[in-house]
Amino acid sequence: MLENDKLSMAIADAYNDSQLSGGTRGKPVDVAVRGMADQFDWINLPYVSATQPTGNNAWDIRSVAATDVKIVQATGDKAVVKVSGPVTGFTGLTATTTYTLKPGDDFATVSTELSNSGSAPLNLWTGDAMDHDAAGQASVIPGAGIVAPGATAVYAPAKPYIGMTGTDPQVFGLVYGTPAGAFDVYAAGNWVMSRFNVDVPAGGSYTLTRKLVVTPGTDAVSILDGVPAP
């Protein structure tokens, strides 16, 4: 559990039985404003795919699941959890995700390093997907605003984030440390995902850093618009 006076988040240390069963270890399974209800079904943070995710089940990519979950620091000025494991379907590719939470922050900084120990470069799709499952569930997409559940669609984000919210005044977001043009957004309203097409060089790595924001409020667009990039 990562928590401070503003938010709480549990990182799965086993393969739990959610919709992402088999891919949950090392990913958040409970996320909420401190003292408020956990409203998430799942967060697929991150996924890795050889092809661009599309369709009604685009979010359902379980290639990243940690084989090692380690508490790096639990006292002092921050809490740190590091998770790592091989990426299924990619020879020599390892995903290492580090969660860092500091006192007073309404976000956790989440950094994923994809390391390629192979002799050939890899081109792949990566990013994150989330499903807010409570009343009034809707996606928050910069430039499109609040998107209610409906058909899947592609969006060009005006700012580098994706988010979700609902009737209960909590706002959830992933704010990326990249330009908005580095990815597109794919969403059905009741789930939302980012899609980055990246190259991981042979013997090298690619790192995706974002803030996982969890904060009270009703104006989700304004709130997430105002979060500085990590």
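Me: What does it mean for a charge to sit over a ring, and which residue lies over the face of Phe107?

Reply: A charge sits over a ring if NZ of Lys or CZ of Arg is within 6 Å of the ring centre and within 35 degrees of the ring normal. In this structure, which is a predicted model, Lys211 lies over the face of Phe107, at 4.4 Å from the ring centre. A second case involves Arg195, whose charged end sits over the ring of Tyr186, 4.5 Å from the centre of that ring.

Me: How should I read a salt bridge, and how many does a search of the whole structure find?

Reply: Side chains of opposite charge can pair when their charged atoms come close. The search of the whole structure finds four salt bridges. One of them joins Asp128 and Arg210, with 2.7 Å from N to O. Because Asp128 lies in strand E9 and Arg210 in strand E17, this pair ties together parts that are 82 residues apart in sequence.

Me: Are Asp128 and Arg210 buried or exposed?

Reply: Asp128 has 0% relative accessibility and therefore counts as buried, and Arg210, also at 0%, counts as buried too. Another salt bridge is formed by Arg62 with Asp60, where the closest N and O atoms are 2.6 Å apart. Here Arg62 is partly exposed at 35% relative accessibility, and Asp60 is partly exposed at 29%.

Me: Which strands pair with E17, the strand that holds Arg210?

Reply: Strand E8, residues 107–116, pairs with E17, residues 205–216, in the antiparallel sense over nine bridges, and within this pairing Ala108 has Leu212 as its bridge partner. Strand E14, residues 170–176, also runs antiparallel to E17 and is joined to it by seven bridges.

Me: How do I read aromatic pairs, and what is the arrangement of Trp42 and Trp59?

Reply: The reading rests on the distance between ring centres and the angle between ring planes, with planes under 30 degrees apart counted as stacked and those over 60 as edge-to-face. A search of the whole structure finds six aromatic pairs. Among them, Trp42 and Trp59 have ring centres 4.7 Å apart and planes at 25°, so the pair is stacked. The residues are 17 apart, with Trp42 in strand E4 and Trp59 in the loop between E4 and strand E5, and both are buried. Tyr176 and Phe196, by contrast, form an edge-to-face pair, 5.2 Å centre to centre with 65° between the planes. This pair links strand E14 to strand E16, and ring pairs link Tyr176, Phe183 and Phe196 into a cluster.

Key: Residues are numbered from 1 along each chain as its sequence is written. This is a predicted model: local features need pLDDT of at least 70, side-chain atom pairs count only at pLDDT 80 or more; totals for chains, interfaces and linings use all residues. Side-chain values use heavy atoms; hydrogens and water are left out. Two strands pair if DSSP finds at least two bridges between them. Helices (H or I, at least four residues) and strands (E, at least two) are DSSP runs, numbered from the N terminus. A salt bridge is a side-chain nitrogen of Lys or Arg within 4 Å of a carboxyl oxygen of Asp or Glu. Buried means under 20% relative accessible area, exposed over 50%, partly exposed in between (1.4 Å probe, protein chains only). Rings of Phe, Tyr and Trp (its six-membered ring) pair if their centres lie within 6.5 Å; planes under 30 degrees apart count as stacked, over 60 as edge-to-face and the rest as tilted.
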